[in-house]
Amino acid sequence: MSELIYEKSRPGRITVTLDELDVKQVDFSEDLLRQTPLRLPQIAEIDLVRHYIELSRNAFGVDNGFYPLGSCTMKYNPRLNEECAALEGFTQIHPLQPISTVQGALRAMELLSESLCEITGMNAFTLQPSAGAHGEFTGMLMIHAYHAHRNDLKRTKVIVPDSAHGTNPASAAMAGYQVISVASNSEGGVDLDALKELLNDEVAALMLTNPNTLGLFDPNIEEISRLVHAAGGLVYYDGANLNAIMGIARPGDMGFDVVHLNLHKTFSTPHGGGGPGSGPVGCKSSLISYLPQGSLIKHNGEFSFVTNTPESIGRMRSFYGNFLTNIRALTYILSLGSDGLKDTSLQAVLNANYMMAGLADLYPVSYPGPCMHEFVVSLQKLKDETGVSAKDISKALLDFGIHPPTMYFPSIVHEALMIEPTETESKETLDHAINVLRELHALAYRNPEEILNAPTTTPIRRVDDVLAARHPILKYNFE
Amino acid sequence: MASYTVNTLAQQQAMLEKIGAESLDSLFTAVPDSLKLQRPLNLPLGKSEFAVAKKMKELASLNEVFSVILRGAGSEKHYIPSVVRQLSGREEFVTAYTPYQSELSQGILQTIFEFQTGICELTGMDASNASVYDGASAVAEAVNMTIDRKRTVVLLPDNLHPHTLTTVKTYTHWSNIELKTIKTLNGRIDVASLKEALSETSACLVIQNPNFYGLIENVSELSAVVHAAGAKVIVSSNPMTLGVLKSPREAGADIAVGEAQPLGMSMAFGGPYLGYMATVTELVRRLPGRIVGQSLDLDGKRAFTLTLQAREQHIRREKASSSICSNQAHCALIAGMYLAAMGPVGLREVAIQSSSKAHYLAEQLASIGFKLRYDGPFFHEFVTDGPLTSVTVENALHKRGILSGLPLGKNGMLWCCTETVSKHDIDRTILILKEVLA
Amino acid sequence: MEQLYFTATHEWVKFLDEKTAQIGISDFAQHALGDIVYVNLPDVGDNVGSATRFGDVESVKAVSDLISPVSGKVSETNEVLLDSPEKLNSDPMNTWIMKVTGDFDKKGLLTPKEYTVLIAQAK
């Protein structure tokens, strides 16, 4: 069991020292000063280093092994991205420096925006949103502003498929909308009849992912956009699954008015243990005036930022977004180019179909036909017949050094596992994973106890989540 | 083309055979022909690592890196210890996903738990979340935590960072929250104005301390007034200042938030930064975002896990208070490392040096005619009104590699000093300005 | 004079007298929810409406709305549940969540017998 750094603290130990103060020390009056002791760790550098090295050994990154997390696109994070994001010319510039002194940063932002426009078929991008959900919130605010500007105030509802990621309805609600759900048809796409019944002059927008959360491309997408537009609404694209279609199809051509992208998914920026991500938002010309302040614009060849215009939705945060994350994505796009980006999507779809082909006889795929970059299997039959659930199989995978797929999402599939290998995995890695999953399937029938007992090789086993939620201990107790 | 795809054409062929597909294109039959892009993307072809690195270095070189920086206003240059940079760059920390699989992620979970502990120590609060996007959105999320059916009015002084003010407006625009401006007097919140604005519909007062002008607010007095009216106090602090200043909890805050970029992150043209949110026990379940908690595993060992997830979007969906999913986890790791590397002595020293140097700069500027705009104690930032226009000051210092304070209007300037500014830098600055005045 | 009724959404209501009702969740409900980790109680003084949400119950991975069987005003909430939500799992029929006062309309409520039939059909 790892000690907390607070438990390793010893009074008087020091890691960093500063130079001597070279001016007079300022004296603040007593009533302004901190009275309670500050119990931050006191630790020597060598112990600090060992502490974090030990912790890093209990972490599992894409660099450590296979990570087929559906909907997360855990592809390889190129080292070049890290080097470029560490360049002093990017890290040592203050966001409020005179514009003339940061032309490189602005040009980089412009290059990224232009590339994203071309990849998605949109007319403008803001790089300010700091995550996918942040982008969704931004996009929904822009849509709300668009309708309000046209005095179309009846539109209080946003339609979201029942298979959507939780951030979709949550972001729509934050933007002041009532969320209504549309059912999926038997092919996993949007049920057109159900959609027609929901569309009216109270609907502001439809939020969609395409390919959807089942890993399937909705062949009716053009009709869907047409229907929503005919009813006076806008169509919003959740770009989480863009990895399947780069260079092959574009949301802008499908009729989407606003999109967000997840640079930490499709564009290889690292997940960092949960963030930072970056969720740029792109839009068609009709929505450009609603872009947030701090978005980059160019006028007569000169860069500037959107300021306090009446139409702008305002600010999603301070400054311009996760700049270094955006630099990583730009590096990636420059490396891959038009040919590499298309190849990425082709290989992502190939890898997913290959895995599906290797597993479909044992793990029923929720919907028939080729998948895109990910696929969903249901373990309901396995659970009914052996008692081994999707969660149990996931725990068993840990003993094989494979990160489990996404569990229990989307909720319209029971005992779901969503598998997305990504394009950066070799056939050998896929073959190994397929074999492990096939072995586990056999084991479930042969000796389910072994799987129900998993994992057995990890440092800790099956954390008590109920205890954690009933009696939250959220920080170190110094007493 | 520096593709990161792996399989050879022969392997791809073998895979297609196993699938029973003719070609890669045949996997895309679901995409209607009308949508299939009939041309390559109108982007340059892929480049070698060498070429890309060259291009990115070119772009980086077009930015001017100032050797002396006297500008803050939400982004500060502090010394980043080498251990922080090196250790945070370990690939397991960089390339790991969100630690939903506890068995595989105890290391990540522990770093978050340690970060939460550090934030609680600085702020005096009972619990912290695992981060939000930045300080401005942290204030917006905090405001939301204080709203209930009867209390929907939020009091915002006009001396908050302008980006924070705008972000709160944007976040609350379509809600039933009413924003009310509190006037400031001599740069600080005017208590009389506050008392007038408070009512039984007030949800909270947001105090930035030190405020946008660098001035230290009387948080204790303000908290007493706000609490007497039954409303809550949100304090937004630069966490570096908490090495010396009274913690938000000591001063009466219910929620402590802020921008933690000064804790080990470079200025990086505005991001990625780090919003922190901490609060008292009664309000813990209103915190947005991920939270790590301590528990036990099957064998009774201490183990960490993401907890209180029923607050979040993946469970509550449209009923969640926030849609936040991905946060600033890696930046929180950096902040935790920074706090450990600096320790209480080091952080206190950073705060003492930053404020002392700022006061020295203020003194020297005053001696050549740049008057302090406001009286009352300030920490490491302050505003002057000068005998020279702010543009003149900025240009004169720029010529000599110094980034001046932030221009505020025609003659005003918001200055900032950190421990990275030396007496020599300050003296040089004064000399340059003296030359211009002559 | 206690009268026990149920709703189709698995809440129970005990009428302590003409104007006071106690509300909780059934054994079927607690079983379906799994280990309950938190209860979001209404505020005393809140108005509740029949067939409308008055709070919710959290398990580790899910949230379930609590639907009020009656209309009225919340007179008391069971604060014990804030520290010990597990009581809803261990003793659902004797662990009340809120007390409501008002003029009650018992239309639409199920008798224990009717409720038993309902849950038998659900299985």
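This is a predicted model: local features need pLDDT of at least 70, side-chain atom pairs count only at pLDDT 80 or more; totals for chains, interfaces and linings use all residues.
## A strand pairing in chain B

In chain B, strand 2, which spans residues 127-128, pairs with strand 10 in the antiparallel sense over 2 bridges. Within that pairing, B:Ala127 stands opposite B:Thr279 of strand 10 of chain B.

## Burial of strand 10 of chain B

Strand 10 of chain B, residues 275-279, is mostly covered, with 5 of its 5 residues buried. In a regular strand the side chains alternate between the two faces of the sheet. In strand 10 of chain B both faces are covered: B:Gly275, B:Met277 and B:Thr279 are buried on one side, and B:Tyr276 and B:Ala278 are buried on the other.

## Chain B as a whole

Chain B contains 13 helices and 17 strands, and its C-alpha atoms fill a box of roughly 80 × 55 × 50 Å when taken along the principal axes. Of the 438 residues of chain B, 62% count as buried. When contacts in chain B between residues at least 6 apart in sequence are considered, 73% of them join residues at least 24 apart.

## Domains of chain A

The domain assignment divides chain A into domain 1, covering 80-334, and domain 2, covering 338-465. The centres of domain 1 and domain 2 of chain A, taken over C-alpha atoms, are separated by 30 Å. Across the boundary between these domains of chain A, 19 residues of domain 1 are in contact with 18 residues of domain 2. On the side of domain 1 of chain A that touches domain 2 of chain A, the residues divide into 9 nonpolar, 8 polar and 2 charged.

## Helix 8 of chain A

Which residues of helix 8 of chain A are buried? In this helix, residues 221-230, they are A:Ile221, A:Ile224, A:Ser225 and A:Val228. These residues lie on the same side of helix 8 of chain A because they cover an arc of only 95° around the axis.

The cover over the buried residues of helix 8 of chain A includes helix 7 (192-198), strand 4 (203-208), strand 5 (234-238) and helix 9 (251-254) of chain A. Just after helix 8 of chain A, A:Gly232 takes a positive phi of about 90°.

In chain C, 3 strands form an open sheet in the order 4-6-7, with antiparallel pairing. Its edge strands are strand 4 (36-40) and strand 7 (63-67) of chain C, each of which pairs on one side only, and the twist averages 25° from one strand to the next. Strand 4 of chain C is joined by 4 bridges to strand 6 of chain C, residues 53-59, and these two strands run antiparallel. The bridge partner of C:Ile36 in strand 6 of chain C is C:Ser59.

Between the chains, 6 residues of chain C are in contact with 4 residues of chain A. The side of chain C that touches chain A has 4 nonpolar, no polar and 2 charged residues.

Note on methods
Residues are numbered from 1 along each chain as its sequence is written. Chains are lettered from A and ligands numbered from 1 in the order in which they are written. A residue is buried if 20 or more other C-beta atoms lie within 10 Å of its own, exposed if 12 or fewer, and partly exposed in between; C-beta atoms are placed from the backbone. Two strands pair if DSSP finds at least two bridges between them. The arc is that of the directions from the helix axis to the C-beta atoms. Two residues are in contact if their C-beta atoms, placed from the backbone, lie within 7 Å. Ala, Val, Leu, Ile, Met, Phe, Trp, Tyr, Cys and Pro count as nonpolar, Asp, Glu, Lys and Arg as charged, and the others, Gly among them, as polar. Domain bounds come from an automatic or database domain assignment. Axes are lines fitted to C-alpha atoms, for helices over the stretch in contact, and angles run from 0 to 180 degrees between N-to-C directions.
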